Amino acid sequence: MPLPKRTMAEPYKIKVVEPLRMTTRDYREEKIREAGYNTFLLRSEDVYIDLLTDSGTSAMSDNQWAGMMLGDEAYAGSRNFYNLERAVREIYGFRYVVPTHQGRAAEHITSQLRIRPGQYVPMNMYFTTTREHVERAGGIFYDCIIDEAHDPANPHPFKGNVDLAKLDRLLAQVGREGIAYLSIAPCVNMAGGQPFSMANLREVAGWATRHRIPIIFDATRAVENAYFIQQREPGYKDKPVREILREMMSYGEGCTMSSKKDNLVNIGGFIATDNEEFFTRAKEMVVVFEGLHTYGGLAGRDMEAIARGIYEMVDDAYIASRVRQVEYLGDRLLEAGIPIVVPIGGHAVFVDARRFLPHIPQEEFPAQALAAALYVDSGVRAMERGIVSAGRDPKTGDHRRPKLELVRLTIPRRVYTNLHMDVVAESCIALYEERDKIRGLRMVYEPKELRFFQARFEPIVP
Ligand code: F0G
């Protein structure tokens, strides 16, 4: 759909509001100290504008809330499950659906069922929980994203693309039996919310078919990727995102899904597939970890909200306004000369902490320090996506040192206005002007798994 040049307002109006609390700088200094300089450990009531994540933070529509009242809370065979199943079939195109309480539960079951110890799982860059579950199942993560994705300043329009030469190299090394499946993520989170192109996906699918290796998508942000294809890829500008999404998914055998993003709900996820045997085994396993296969850890009302969110997410006006708000914030930072990942991604603006704070070495956690400083400056909460998130190499025990050392300003769906985005931009600009004053951090507590969630830090005092 070609977009109009004139201002495009949100395609909805506000019916319910939730007050925000503003605090003083002294108060926030105390709170970030108490939180060990980790924004995950702040209380939400101490946050003014919460850009920690777009996960589970969406505003639901009146239609979704109405659906919540129609929850059929039966243990087995809830009508809301069948509504969810129908929505997934119609919009994603997969026949079989197993609900789970959120995305990582779908990843857990998929990894346990589809990986034999020692097998590789190529992914277009890692995601924290996805890689963790691959490794727990004895699998080995293999990064097959194009090199451009690791360079925050490279303006490649499809930085989520897979590098087929990397797939060939792995195949030559370990053979077909050595690869469990390809885990392909649309709008790659850790690369900065970067899409793949349909042309690339088609090539990957050809490769996968030739070598009889299945593609299992991490479909978490697939609609945002479909929107970028519509806007950037020749041949798609007149296609609705709904059709583009359907084509994308047709190249995979199935997907794991965190409904907390694209699906516009606060909780939920699912596995969807056309592979009957995988479906049967996933149903057997979901009852052990989540609940019966017709609720998978969700209330009936939650499944109804997901079913309705799935139809809403493919509305062209909605998805355009969602991604355009992210661009709005990104453009304001670019105009001020602040280093961010380009092109601007689908769900977040990623500030490049390496270039923002060149005086802080990566071992002193520049992105973590910048996220803490942003909170102190304005009460805006962001998230570190750099060396802390990357964790340690399971073999050597050393820090993994990702090229990308980023602070993620993640925009919840349908929640904030562009004036909130202005407040965020002004705070980033104020910090950038005084960036020399920001100091590095020392880690004083390090959890063994997914350390970024609970790690604690102290400022390094010169
Ligand atoms: N895959 C991707 C690409 C994700 O971004 C997430 C979650 C998951 C899987 C796991 O889903 O949270 O429902 O268990 N990302 C959140 C974030 C946590 O803030 O980026 P989940």
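How many Å separate an oxygen atom of the ligand from an N or O atom in the side chain of Arg408? In this predicted model, the distance is 2.7 Å. The protein covers 94% of the 470 Å² of accessible area that the ligand has on its own.

Now look at the whole shell. It has 17 residues, and Thr53, Arg104, Asp218, Ser258 and Lys261 come nearest to the ligand. Sort the shell by class, and you find eight polar residues, seven charged and two nonpolar. Helix α4, residues 103–114, gives the largest share, with three residues. Two domains take part. Domain 1 (25–54 + 316–457) and domain 2 (62–313) each supply at least three residues of the shell.

Next, turn to Met125. Find it in the loop between β3 (120–123) and α5 (128–136). Is Met125 buried or exposed? Its relative accessible area is 6%, so it counts as buried, since the cut-off is under 20%.

Which residues does Met125 touch, leaving out those up to four places away in sequence? They are Phe141, Asp143, Ile145, Ala149, His150, Val188, Met190, Ala191 and Leu404. Met125 and Gln230 are 105 residues apart in sequence, and their C-alpha atoms are 23 Å apart in space.

Methods. Residues are numbered from 1 along each chain as its sequence is written. This is a predicted model: local features need pLDDT of at least 70, side-chain atom pairs count only at pLDDT 80 or more; totals for chains, interfaces and linings use all residues. Side-chain values use heavy atoms; hydrogens and water are left out. A residue is near a molecule or strand if one of its heavy atoms lies within 4 Å of it. A polar contact is a pair of N or O atoms within 3.5 Å; within protein, one must be able to donate a hydrogen and the other to accept it, and residues adjacent in sequence count only if both atoms are side-chain atoms. Accessible areas come from the Shrake-Rupley method with a 1.4 Å probe; for residues, only the protein chains shown count as cover. Helices (H or I, at least four residues) and strands (E, at least two) are DSSP runs, numbered from the N terminus. Ala, Val, Leu, Ile, Met, Phe, Trp, Tyr, Cys and Pro count as nonpolar, Asp, Glu, Lys and Arg as charged, and the others, Gly among them, as polar. Domain bounds come from an automatic or database domain assignment. Buried means under 20% relative accessible area, exposed over 50%, partly exposed in between (1.4 Å probe, protein chains only). Contact means heavy atoms within 4.5 Å.
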